[in-house]
Amino acid sequence: MDFVKLVTGAGMAEVDRRTIAGGTPGAVLMERAGQEVFNVIAERWPDPAGMQAVVVCGGGNNGGDGFVVGRLLHRAGVQTRVFLAAARPAPEGDAGLHLRRLEGEEGVAVESAAAEKDLAALTAALADADLAVDALLGTGLSGSPRAEAARVIETLNRSGVPVIAVDLPSGLESGTGRVHGACVQAVVTVTFGLPKVGHLFYPGRARCGDLRLVEIGFSPEAVAAVEAPALLLTEDRMAGLIPVRPGDAHKGTCGSVAVVAGSLGMTGAAVLAAEAALATGAGRVTLGVPASLHDLVAAKVTEVMTRPLPEVRQRRCLALRGLGEVLALASGADCLALGPGLGRNRQTGELVRRLLPRVAAPLVLDADGLFALAGNTAVLKERRAPSVLTPHPGEFARLTGAAPGAIAEDPLGLAGRFALEHGVVLVLKGAPTVVAWPDGRRLVNPTGNAGMATAGAGDVLTGAIAGLIAQGVAPDLAACLGVFLHGRAGDLARDRLGEWGMVAGDLRRLLPQAILDTWTAGRGRPFGGGG
């Protein structure tokens, strides 16, 4: 199964145009879209008869979808008031056709919300409503909504009525997730065919509420032809990447991970990374730490093997003279995880820089390992084996010299260019996390939540990706799968514990459940000899 495309408003308009050109009338697509929105409403409110609804429509195709929803709600026995936030004689075309169908229904009158004086009637209608439908603005918005639309949006938000947004909340930029002015706060957003970039990136993601993706019959050829700025990680696609163990598997066939990490005060990071590698299925994990911390770390772990490494005297961090021993440790592994809690000593940084070109195994580099590369990223091009880098925005800013604000403005572009230039897989952690491949493709992860903003969460991700690579998952795909499972473990922890007290250890403990749930949902339970 291919990845799902994330598109902009322009990309979705092209899919729409190609589908219509291929023989599916636009009015039919509009009818299907309205029907799917109605279906989501009926699912949320199973007995809608007798309820009161307000549908706010714009003058474009988004408004046309709203006219269909209004007609279907009316036919289902919902007391429905429809407001048009556009001057007559608009709308035209397919939207105009559905407006006429709506007005042909007995007992339906379309009221105006185009002028400021109309807001009193809209406010009164919302005061009695059980739900509202936002079909005001479509995916073509760039910048702030016009004043007349902004007034309607603000009226919707002030009402406190639960809002179902058609395609995306009005006021949200579909290609970026940015909000420049008034924007609807939806409880559910029903979008069609393909998800939009703005659904995944904040603040847009928070405005969407529960995002529902529905099919309305866009041409597969049209979807295949459209260019997409990014791809979406989906459960079905990720389930297909989970390593399958044969019935005669043993620890030697399930991959070996070497973790080189830790320094004084940061042994927890090393332990979290090592245990996460085991939790994602690695057969063996060896954790190398500064010699004076070895006994402490060995007492913390049971299933992980440990190795004392040369350290800087009285600093309790890895020394440059340990290069040979680290290389020997890495030579026996299928993947090296490097960086969690290493510390920022000058010798340790030099060790990292000298190590990278000489390690033949795939590498996952994080935390203080990334710190050592600031101003020295050219060393990445000297590596012969694949590299996965997992910076958070602050670490990425240090690596690239970019301002943190610039990263927030264009995470897809900056991550993609860095991965392409340096020939690495880049995992730019955030909300959402972006995975950039060295061939220029960018992928966006939908799992995870704010409770994962806790120390050590990134160390768990490092170990998870390394554990997957060691089992034979290609590094670019392992980065995607690791990010998805890590976020899913976070969602499981949130559902069980809430967001306030989650800790990184919860993520590590729930990784196996995240794998099982993803497998079960995507492929069926893994019973019967790994088949």
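I began with Arg316, which is in the loop between β12 (305-309) and α13 (323-331). Helices (H or I, at least four residues) and strands (E, at least two) are DSSP runs, numbered from the N terminus. Arg316 has a positive phi of about 60°, although it is not a glycine. I looked up its accessibility: at 31%, Arg316 counts as partly exposed. Buried means under 20% relative accessible area, exposed over 50%, and partly exposed in between (1.4 Å probe, protein chains only).

I noted the ground rules next. The model is predicted, so local features need pLDDT of at least 70 and side-chain atom pairs count only at pLDDT 80 or more, while totals for chains, interfaces and linings use all residues. Residues are numbered from 1 along each chain as its sequence is written, and side-chain values use heavy atoms, with hydrogens and water left out.

**Another positive phi**

I found Asp167 in the loop between β6 and β7. Asp167 is not a glycine, yet its phi is positive, about 75°. Asp167 is buried, with a relative accessible area of 11%.

Buried or exposed is Gly177? Gly177 is buried, at 0% relative accessible area. I listed what Gly177 touches, not counting residues up to four places away in sequence: Leu172, Gly198, Phe201, Tyr202, Pro203 and Gly204. Contact here means heavy atoms within 4.5 Å.

I checked the bond from Tyr202 to Pro203, and this peptide bond is cis, with omega near 5°. Pro203 sits in the loop between α7 (197-200) and α8 (204-208). I found a cis peptide bond joining Ala431 and Pro432 as well, with omega about 5°. Pro432 is in the loop between β16 and β17.

**Aromatic pairs**

I then looked for aromatic pairs. Rings of Phe, Tyr and Trp (its six-membered ring) pair if their centres lie within 6.5 Å; planes under 30 degrees apart count as stacked, over 60 as edge-to-face and the rest as tilted. How many aromatic pairs does this rule give? The count is 2.

I took Phe3 and Trp437, which form an edge-to-face pair, 6.0 Å centre to centre with 75° between the planes. Phe3 is in the segment before β1 (4-6) and Trp437 in the loop between β17 (434-436) and β18 (442-444), so the pair links distant parts of the chain, 434 residues apart. Phe3 is buried at 12% relative accessible area, and Trp437 is buried at 3%.

I went on to Phe396 and Phe418, an edge-to-face pair with 5.6 Å between centres and 75° between the planes. Phe396 lies in helix α16 (residues 393-400) and Phe418 in helix α18 (residues 411-422), so the pair ties together parts 22 residues apart in sequence. Phe396 and Phe418 are both buried.

**Charges over rings**

I looked for charges over rings, a term that asks for NZ of Lys or CZ of Arg within 6 Å of the ring centre and within 35 degrees of the ring normal. The charged end of Arg237 sits over the ring of Phe3, 4.5 Å from its centre. The charged end of Arg44 sits over the ring of Trp45, 5.7 Å from its centre.

**Cores**

I turned to the nonpolar cores, which are sets of buried Ala, Val, Leu, Ile, Met, Phe, Trp, Tyr and Cys residues joined through side-chain atoms within 4.5 Å. The largest nonpolar core has 63 residues, of which Val259, Leu287 and Val435 touch the most other members. Elements that give it two or more residues include β10 (256-260), α11 (267-279), β11 (284-290) and α20 (475-497). Which element gives the most to this core? α20 does, with 11 residues.

I looked up Val259. Leaving aside neighbours within four places in sequence, its contacts include Ala270, Val285, Leu287 and Ala337. I also noted a second, separate core of 47 residues, with Ala230, Ala372, Leu389 and Leu428 among them.

**Thr280**

I ended at Thr280, in the loop between α11 and β11. Thr280 is buried, at 5% relative accessibility. Beyond four places in sequence, Thr280 touches residues including Gly463, Gly467, Leu511 and Ile515.
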